[in-house]
Amino acid sequence: MGDELIRREIVGIEFLSFLQGMKQLTEKFSDNVLGDQTLDVRSRKTREFGILYGVGVGPGDPDLLTIKALEVLKNVPFIFAASSSKNDYSIAGNIVKKHLGSKDVEKLPFPMCDDKSVLEEAWKKNGDRVLEVLSRGLDCAFITLGDPLTYSTFSYLMKTIRKVAPGIRVRSVPGITSFQAAAAAASLPLSEGEESLVIVSGARGGLKLKESIKTSDNIVMLKTYKQFKDIYQTLEELDLLNKATFVCNLGTDEQKIVNNLTKLKNANTPYLSLIIIKKNLQDT
Ligand SMILES: C[S@@+](CC[C@H](N)C(=O)[O-])C[C@H]1O[C@@H](n2cnc3c(N)ncnc32)[C@H](O)[C@@H]1O
């Protein structure tokens, strides 16, 4: 009798672990069916979290917002945008205004400084705010200028949130980048045939340009505003001023395209400015 009880108990335990295994398999399978690679099956709690969308809104002209971006923005209950901690202004927020009417865009203030600890503190605070919404099971979108995965605050937000909640579901909606729109505005091919193209940051001045020009036929330099004078000098040194095109404030009333940079000696340039350099550009 005693042996029979033990045998039944063992069979019971085996059946329970069989069921457990089946459950895990089903969960894993349904995750795959959803194509949801970002969902971490180890932390089941994230199932109840909302989805974080990174939405690119293009470089300035509201008509360059994609249909997909608009669809997501109309459907999510919360939209966030980075803004300067000084004036609460958000360029991305301004771009979507035309399409969203009175729908609110919540600004997340980011200090315009290079102090790592101050920036990290702001990231943490803003990440917590987004996570708080996601943890209520609500989807939200973080809108960014241009494309959300090209020199964008969205990638930092994504990393910050994933540190705290690794299983969070993230979707990105690509946007038209500033340099694609700049090439279009200037009717300038970014690259042709076998040519190469690199995208670099101008935040550290002309040094990056010197390195890149050795190996690339075409260079797009973003974030040129703070170091414009240094970049100008480097272009002059490399005899590339007449092969460079400067574009600023794309898609706004202040848009400007300058084909030969000699006209910009000693100029003060705005935040929204970039330079396209084409090594093989022929004089026309
Ligand atoms: C933080 S990066 C953002 C890049 C953006 N995610 C993209 O896909 O183009 C900011 C830089 O992008 C460029 N940029 C963005 N919008 C622009 C515009 N409307 N006109 C000119 N440059 C722009 C400038 O070089 C600016 O300093």
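Q: Two residues are in contact if their C-beta atoms, placed from the backbone, lie within 7 Å. Which residues does Gly50 touch, not counting residues up to four places away in sequence?
A: Gly50 touches Val133, Leu134, Gly137, Leu138, Asp139 and Cys140. Please note that this is a predicted model, in which local features need pLDDT of at least 70 and side-chain atom pairs count only at pLDDT 80 or more, while totals for chains, interfaces and linings use all residues. Residues are numbered from 1 along each chain as its sequence is written.

Q: How far apart are Gly50 and Val133, in sequence and in space?
A: They are 83 residues apart in sequence, and their C-alpha atoms are 7.8 Å apart.

Q: Where is Gly50 found?
A: Gly50 lies in the loop between helix H1 (2-33) and strand S1 (52-56). Helices (H or I, at least four residues) and strands (E, at least two) are DSSP runs, numbered from the N terminus.

Q: And why does Gly50 count as buried?
A: Gly50 counts as buried because it has 20 C-beta neighbours inside 10 Å. The cut-off for buried is 20 or more other C-beta atoms within 10 Å of the residue's own, with C-beta atoms placed from the backbone. Buried residues make up 32% of the 284 residues in the protein.

Q: Turning to the sheet, in what order do the 5 strands come?
A: The order is S3-S2-S4-S1-S5, in an open sheet with parallel pairing. Strands pair if DSSP finds at least two bridges between them. Strand S3 (106-110) and strand S5 (170-173) each have a single partner strand, so one side of each is left without a neighbour in the sheet.

Q: How many bridges join S1 to strand S4?
A: S1 and strand S4 (residues 140-144) run parallel and are joined by 5 bridges. Val55 stands opposite Ile143 in S4.

Q: Which strands does helix H2 touch?
A: Helix H2 (residues 67-75) packs on the sheet and touches S1, strand S2 (78-84), S4 and S5. Its direction makes about 140° with that of S1; axes are lines fitted to C-alpha atoms, for helices over the stretch in contact, and angles run from 0 to 180 degrees between N-to-C directions.

Q: Now the ligand: how many residues surround it?
A: The ligand is surrounded by 23 residues, the closest being Gly146, Thr177, Ser178, Leu222 and Leu250. A residue is near a molecule if its C-beta atom, placed from the backbone, lies within 6 Å of it. Strand S8 (244-248) and strand S10 (273-278) are the elements that give two or more residues to this shell.

Note on methods
Buried ≥ 20, exposed ≤ 12 C-beta atoms within 10 Å, placed from the backbone.
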